[in-house]
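Open the model in your viewer and keep the selection tool at hand. The stops below say what to select next and what is there.

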Amino acid sequence: TYFAAGTGPAVFAGQNINRIDVFGGDIKAKFRGFTVGVEYAQNNGVHDSDSVVDKENWALDANVSYAFSENLSLTAGYREVRPNFVAPGYWGRIGFAVNPADLRGPYARVRYRFSDDLSVQAAGSFLEGTGRLPAGAGGYQTNDDLVHVVAGVDYKLTDRWNLSFNYEGAFWRPRSTAFGSPTTNPIWNYFTLGVGYDLG
């Protein structure tokens with residue numbers, strides 16, 4: 001995939017730009033019950049015809065999934081988003097931080113269906129700063145850690161009514177000055193209760 005987006009006069013990573021070139025690709029393969037996927041994307045800041053921001057501006061996601069049965073599936077992967085990656089689109093959320101960058105680390109997801117009416121899912125990401133920008137420039141360092149967990153339960157009351165309960169927690173352990181005070185450990189907690197009705 002490739003596209004160019006005109007920005008008008010703008011400053012990106014300390015450079016004057018008027019266009020962002022975005023390109024990337026993804027591949028997925030299945031074999032012996034496994035599904036393997038790799039996605040890569042990159043955005044270059046361009047001024048006229050010169051690429052002036054072409055470092056620390058990419059994102060990578062590699063994962064493998066396995067279905068142990070029709071009721072149990074597991075996914076494990078690795079994601080890294082460099083600090084200058086700002087491509088349009090959506091690649092995730094941690095609490096109120098949409099499209100977080102400058103983080104890397106492994107993640108895992110599991111889903112289990114107890115019955116046609118009850119299923120549970122849980123996911124965890126174990127992240128650290130990429131350390132690619134100085135702390136004085138606002139970059140997360142490799143000793144800035146984050147554990148992000150999401151868990152939920154879906155229950156089908158009747159053919160039309162269903163309930164869901166979800167929890168999300170982000171547990172920060174910053175140790176560099178990039179986050180502010182290295183002695184605080186912010187915790188973000190979210191609880192969501194949902195009620196659904198099937199109209200058709």
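**Stop 1**

Select Arg-104 and Glu-128: their side chains meet in a salt bridge, 3.0 Å from N to O. A salt bridge here is a side-chain nitrogen of Lys or Arg within 4 Å of a carboxyl oxygen of Asp or Glu. The pair links distant parts of the chain, with Arg-104 in strand β9 and Glu-128 in strand β10, 24 residues apart. Strands are DSSP runs (E, at least two residues), numbered from the N terminus. Glu-128 has 26% relative accessibility and so counts as partly exposed; buried means under 20% relative accessible area, exposed over 50%, and partly exposed in between (1.4 Å probe, protein chains only).

This is a predicted model, in which local features need pLDDT of at least 70 and side-chain atom pairs count only at pLDDT 80 or more, while totals for chains, interfaces and linings use all residues. Residues are numbered from 1 along each chain as its sequence is written, and side-chain values use heavy atoms, leaving out hydrogens and water.

**Stop 2**

Next, select Asp-61 and Arg-79, whose side chains form a salt bridge at 2.8 Å, N to O. This pair also links distant parts of the chain: Asp-61 is in strand β5 (residues 58-67) and Arg-79 in strand β6 (residues 72-81), 18 residues apart. Asp-61 is buried, at 8% relative accessible area, whereas Arg-79 is partly exposed at 32%.

Then select Lys-55 and Asp-54, a salt bridge with its closest N and O atoms 3.8 Å apart. Lys-55 is exposed, at 59%, and Asp-54 is partly exposed, at 39%. How many salt bridges does the rule give? The count comes to nine.

**Stop 3: two surface patches**

Select Glu-70, Asp-116, Asp-117, Asp-159 and Asp-198, which gather in a surface patch of negative charge. Patch residues have over 30% relative accessible area and no salt bridge; like charges are joined within 9 Å, and nonpolar side chains (Val, Leu, Ile, Met, Phe, Trp, Tyr) within 5 Å. Asp-117 sits in the loop between β9 (103-113) and β10 (118-129).

Finally, select Tyr-155, Leu-157, Trp-161, Leu-163, Val-195, Tyr-197 and Leu-199, a nonpolar surface patch with about 740 Å² of accessible area together. β12 (161-173) and β13 (187-197) each supply at least two of its residues. Leu-199 lies in the segment after β13 and is exposed, at 74%.

Terms used
Areas by Shrake-Rupley, 256 points an atom, 1.4 Å probe, with all protein chains shown as cover. Lys, Arg positive; Asp, Glu negative; His and termini not counted. Charge placed at Lys NZ, Arg CZ, Asp CG, Glu CD. Helix = DSSP H or I, 4+ residues; strand = E, 2+ residues; numbered from the N terminus.
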